[in-house]
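I opened my notebook to look up charged side chains and how they pair. My entries follow the model.

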Amino acid sequence: MIQRIQSVFFLLAGGLYLGLFGVPFAETKQAVAQSAFLNDAAYGVQDHVALMAAFAVAGALPIVAIFLFKNRAVQMRLAVFSTIAAIVGSILTVVLFMQEGLNKSKEAINDGLGLYMAIAALVFTLLAYRFVNKDEKLVRSADRLR
C-alpha cells in the first residue's frame, strides 16, 4: 500500500538526495581562486559530473520505489541500488575534496548542510529497506498459514 511508513521514508530520502543539488557540502568564507571546487566558496554536488550523476540516481530511485508498492522485491532492490549510489557519491565527494580542496585552500573550510543531508538520506533509505523487508516477511508468514 502506498500509505505505508516506507513510502514516507522513500519520499524523505529522495527529497534529501535531490535537495543536495541546492546546498553545499562545504563552504569557505572567501572564494579560493586556484581551487576547482571552492572557486565559488562552496563545494557542492554541481561541482563534478560524477557527483551529479550519483546523487541524481540515488534520489530518483527512492521516488520511483514509492510507486512500486505492489512489488516489494523491486522496492528492496531499488533501495539497495540507491544506497550503493549514495555511498559511491559520498566516497567520490570525499576523494575529490581531499585531492582538490585541502591542497590549495588556506581558508578555513566549514561543513555545510549538504553533508548532514546526505547522511540523513542514507539513514532514511536504510529504514525504508527495513520496513519493506518487514512487510515482505509478514506476507510470507501469512502465506504459510493459508
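Entry one. I started with arginine 140. Is it buried or exposed? I found it exposed, at 51% relative accessibility, because the cut-off for exposed is over 50%. This is a predicted model, and I read it as such.

Entry two. I looked for the partner of arginine 140. Glutamate 136 forms a salt bridge with it, and the closest N and O atoms are 3.3 Å apart. Both residues sit in helix H4, four residues apart, about one turn of the helix.

I checked glutamate 136 next. It counts as buried, at 13% relative accessibility. Its side chain also meets that of arginine 72 in a salt bridge, 2.8 Å from N to O. Arginine 72 lies in helix H3 (residues 72-104) and glutamate 136 in helix H4, so this pair ties together parts that are 64 residues apart in sequence. I noted arginine 72 as partly exposed, with a relative accessible area of 21%.

I put the pieces together. Shared partners join Arg72, Glu136 and Arg140 into one network of salt bridges.

How many salt bridges does the structure hold? I noted three. One of them pairs the side chains of aspartate 135 and arginine 4, at 3.0 Å from N to O. Aspartate 135 belongs to helix H4 (residues 113-145) and arginine 4 to the segment before helix H1 (5-19), so the pair ties together parts 131 residues apart in sequence. Aspartate 135 is buried, with a relative accessible area of 13%. Arginine 4 is partly exposed, at 32%.

Methods. Residues are numbered from 1 along each chain as its sequence is written. This is a predicted model: local features need pLDDT of at least 70, side-chain atom pairs count only at pLDDT 80 or more; totals for chains, interfaces and linings use all residues. Side-chain values use heavy atoms; hydrogens and water are left out. A salt bridge is a side-chain nitrogen of Lys or Arg within 4 Å of a carboxyl oxygen of Asp or Glu. Helices (H or I, at least four residues) and strands (E, at least two) are DSSP runs, numbered from the N terminus. Buried means under 20% relative accessible area, exposed over 50%, partly exposed in between (1.4 Å probe, protein chains only).
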